[in-house]
Amino acid sequence: MTEDDPTDEISDVEARIEALAEVAERCRKYILASRIAIASGAALLLITILGLFGFGQTAALGSIALILGGIVSLGSNVSTLRQTDDAIHAAEALRAQLIGRIDLRVVEDAPLKLM
């Protein structure tokens, strides 16, 4: 890569942005799954405490484990998503800076020729 031609660098930065966008989307899916796990664990715990379906202590312990696992997964993926978003913004700023260094020509409006 040369400093006179930053197009290779721009391509690398764009590829990094795309990879980071995939990571962010994956984190969003895990966040949704974590929220579903927390909600279903809480619902199962409530049903177990109220004794509606006669579930035993195993269901209560399982629901608590589901809630705690969901909370841990949620926290981990939220922090990863924040870091990924920060990296995306930094890469976009670098891309804008690289594009700004390119000597772009202005194409003037030429009159249209009639046939």
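How many residues does helix 1 have, and what distance does helix 1 reach from its first C-alpha to its last? Helix 1, residues 7-50, has 44 residues and reaches 64 Å between those two atoms, close to the 64 Å expected at 1.5 Å a residue, where the expected span of a helix is 1.5 Å times one less than its number of residues.

The legends below describe a predicted model, in which local features need pLDDT of at least 70 and side-chain atom pairs count only at pLDDT 80 or more, whereas totals for chains, interfaces and linings use all residues. Residues are numbered from 1 along each chain as its sequence is written, and side-chain values use heavy atoms, with hydrogens and water left out.

**View 1. The whole protein, with 2 helices and 0 strands.** Helices (H or I, at least four residues) and strands (E, at least two) are DSSP runs, numbered from the N terminus. The C-alpha atoms fill a box of roughly 85 × 40 × 15 Å along the principal axes. The radius of gyration of the protein is 26 Å, while a compact globule of 115 residues would have one near 13 Å; the value is taken over C-alpha atoms, and the globule rule is 2.2 Å times the number of residues to the power 0.38. The accessible surface comes to about 8,900 Å², with 60% of that area belonging to carbon and sulfur atoms, as computed by the Shrake-Rupley method with a 1.4 Å probe, with only the protein chains shown counting as cover for residues. Of the 115 residues, 21% count as buried, a term that stands for under 20% relative accessible area, with exposed meaning over 50% and partly exposed in between (1.4 Å probe, protein chains only). Among the contacts with a separation of 6 or more, 74% come from residues 24 or more positions apart, contact meaning heavy atoms within 4.5 Å.

**View 2. The buried residues of helix 1 and what covers them.** The buried residues of this helix are Ile10, Val13, Ile17, Leu20, Ala24, Cys27, Ile31, Ser34, Ala37, Gly41 and Thr48, and their cover includes helix 2, residues 57-101. Just after helix 1, glycine 51 takes a positive phi of about 70°.

**View 3. Serine 34 and its contacts.** Serine 34 lies in helix 1 and is buried, with a relative accessible area of 4%. When its neighbours within four places in sequence are left aside, serine 34 is in contact with Gly70, Ser73 and Leu74. A polar atom of the serine 34 side chain lies 3.5 Å from the backbone nitrogen of leucine 74.

**View 4. The salt bridge between arginine 101 and glutamate 9.** A search of the whole structure finds 3 salt bridges, each defined as a side-chain nitrogen of Lys or Arg within 4 Å of a carboxyl oxygen of Asp or Glu. Side chains of opposite charge can pair when their charged atoms come close. In this view the side chains of arginine 101 and glutamate 9 meet at 3.9 Å, N to O, and the pair links distant parts of the chain, with arginine 101 in helix 2 and glutamate 9 in helix 1, 92 residues apart. Arginine 101 counts as partly exposed at 46% relative accessibility, and glutamate 9 is also partly exposed, at 23%.

**View 5. The network of Glu25, Arg28 and Asp85.** Glutamate 25 forms a salt bridge with arginine 28, their closest N and O atoms being 3.8 Å apart; because these two residues are 3 residues apart in helix 1, they are separated by about one helical turn. Glutamate 25 has a relative accessible area of 40% and is therefore partly exposed, and arginine 28, at 41%, is partly exposed as well. The side chains of aspartate 85 and arginine 28 meet in a salt bridge of 4.0 Å, N to O, which links distant parts of the chain, since aspartate 85 is in helix 2 and arginine 28 in helix 1, 57 residues apart. Aspartate 85 is partly exposed, with a relative accessible area of 25%. Salt bridges that share partners join Glu25, Arg28 and Asp85 into one network.

**View 6. Two residue pairs compared by C-alpha separation, glutamate 92 with isoleucine 10 and alanine 93 with valine 13.** Glutamate 92, in helix 2, counts as partly exposed at 31% relative accessibility, and its C-alpha atom is separated by 9.8 Å from that of isoleucine 10, 82 residues apart along the chain. Alanine 93, also in helix 2, is partly exposed at 49%. Alanine 93 and valine 13 are 80 residues apart in sequence and 10.0 Å apart in space, C-alpha to C-alpha.

Methods:
Polar contact = N/O pair within 3.5 Å; in protein donor to acceptor, adjacent residues only side chain to side chain.
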